[in-house]
Amino acid sequence: MSTASPSPAYVHGYSPDESRRLGAQADTLAALLHSGTAYPPGSRVLEAGCGVGAQTVHLARSSPGARLVSVDVSAASLDRARAHVAAQVPDARVEWHRADLHALPFPDATFDHVFVCFVLEHLPDPEGALTALRRVLRPGGTLTVIEGDHGSAFFHPDSRHARVAIDAQVRLQAAAGGDALIGRRLQPLLSAAGYGDVVVRPRTVYADRTRPALAEGFTRDTFVAMIEAVRDDALAAGLVTSADWERGIADLRRTAGPDGTFHYAFFKATATRPVSAGAVP
Ligand SMILES: C[S@@+](CC[C@H](N)C(=O)[O-])C[C@H]1O[C@@H](n2cnc3c(N)ncnc32)[C@H](O)[C@@H]1O
């Protein structure tokens, strides 16, 4: 285990509300995001940035025989992840490590597969992080990355105030060194980090009154909740007035209501560590 410590700049924070939001997000989107991801029995799989285990339960269910190693920089999140997975998938065999994914305590080529979800968007050097992950992946092994892109959010009724609120979150994340628009960059990032066979596919969420589970689980409990959570920081940074913020959030909530619609695209990339590649820099 490393002596890694959580980044104080992590824009979403580590509150119980954020844990609930990550759970709602993972459970609502499990079919959309995890379809096509199943690892063979006995394969060694690294989940980098596992958080509170919201995706770990789906990895464990989809790949029951895989040897899962889940890593996060936050000790508190790892404690929650351990309890969450034990409760949800009692048979799951997961090894937990507190570590920084830039300096993992594993020898080169330890893993057959690496899975990273909603982590690169928070890192100041995502290409460097991908390069570091390539070191622990065996030649020919696969990397799967899932990220969002807030520029893909559009909705009805449209609202300037709602767009200002979303933009405040994007700016705060950028100020913390991250990129909430990273989905569109995955292909060039993976190529620059030395991966081959890079394939990126958008996975679209569209919610309206005919899909109430998505309107509630994604639009309201995942996306709007994420924007609402940065209220104090957005006001403190002077990105928006209090009145405009409240109007923006009310307008966003309306997109999850009976007359609302909401669109968002996640980007899911797969790539391999080339067999003939030289040493990782
Ligand atoms: C938005 S959460 C996503 C968690 C999980 N993958 C999911 O989808 O629910 C991002 C996680 O990345 C972790 N993280 C951020 N920087 C990291 C680093 N350098 N090394 C390991 N984990 C990191 C954070 O502690 C946090 O738990």
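**Burial, contacts and backbone in a predicted model**

User: What covers the buried residues of helix H4?

Analyst: The cover includes strand E1 (44-48), strand E4 (111-117), strand E5 (137-147) and helix H6 (186-192). Bear in mind that this is a predicted model.

User: Which residues of H4 are buried?

Analyst: H4 spans residues 126-136, and its buried residues are Pro126, Ala129, Leu130, Leu133, Arg134 and Val136.

User: What puts them on the same side of H4?

Analyst: The arc they cover around the axis is only 160 degrees, so they share one side of H4. The general rule is that an α-helix has 3.6 residues a turn, so positions three or four places apart point the same way.

User: What does Leu133 touch?

Analyst: Beyond residues up to four places away in sequence, Leu133 touches Ala48, Leu101, Val114, Val116 and Leu143. A contact here requires C-beta atoms within 7 Å.

User: Which residues have the most contacts inside the largest nonpolar core?

Analyst: Val114, Val116 and Leu133 do, in a core of 80 residues. Helix H7 (residues 212-228) supplies the largest share of this core, 7 residues.

User: Which residues is Gly53 in contact with, leaving aside its neighbours within four places in sequence?

Analyst: Arg80, Ala81, His84 and Val85. Gly178, by contrast, is 125 residues along the chain from Gly53, and their C-alpha atoms are separated by 21 Å.

User: Which residues come nearest to the ligand?

Analyst: Gly49, Gly51, Ala54, Val73 and Leu101 come nearest, out of 22 residues around the ligand.

User: How do the residues of the shell around the ligand divide?

Analyst: The shell holds 11 nonpolar, 9 polar and 2 charged residues.

User: Where does UniProt place the feature "domain: Methyltransferase type"?

Analyst: The unreviewed UniProt entry puts this feature at residues 46-144. In the model, that span is 32% helix and 29% strand, and its end C-alpha atoms lie 10 Å apart.

User: How do you know whether the peptide bond from His156 to Pro157 is cis or trans?

Analyst: Look at omega. For this bond, omega is near -5 degrees, and the bond is cis. Pro157 belongs to the loop between strand E6 (154-156) and helix H5 (160-175).

User: What is phi of Ala109?

Analyst: Phi of Ala109 is near 60 degrees, a positive value in a residue other than glycine. Ala109 is in the loop between strand E3 (94-98) and E4.

User: What is phi of Asp197?

Analyst: Asp197 is not a glycine, yet has a positive phi of about 50 degrees. Asp197 lies in strand E7 (residues 196-207). Its 13 C-beta neighbours inside 10 Å make Asp197 partly exposed, since exposed requires 12 or fewer.

User: Which residues is Leu32 in contact with, leaving aside its neighbours within four places in sequence?

Analyst: Arg203 and Val205. Leu32 and Val205 are 173 residues apart along the chain, but their C-alpha atoms are separated by 8.2 Å. Leu32 is in helix H1 (residues 16-34). With 15 C-beta neighbours inside 10 Å, Leu32 counts as partly exposed.

User: Where does Ala176 lie?

Analyst: Ala176 is in the loop between H5 and H6. Ala176 is partly exposed, with 17 other C-beta atoms within 10 Å. His122 is 54 residues from Ala176 in sequence and 7.8 Å away in space, C-alpha to C-alpha.

Technical notes. Residues numbered from 1 in each chain as written. Predicted model: local features only at pLDDT ≥ 70, side-chain atom pairs only at ≥ 80, totals over all residues. Buried ≥ 20, exposed ≤ 12 C-beta atoms within 10 Å, placed from the backbone. Helix = DSSP H or I, 4+ residues; strand = E, 2+ residues; numbered from the N terminus. Arc of directions from axis to C-beta. Contact = placed C-beta atoms within 7 Å. Core = buried A, V, L, I, M, F, W, Y, C linked by C-beta atoms within 7 Å. Near = placed C-beta within 6 Å. Nonpolar A, V, L, I, M, F, W, Y, C, P; charged D, E, K, R; others polar. UniProt positions renumbered as here; feature names shortened; annotations may be inferred.
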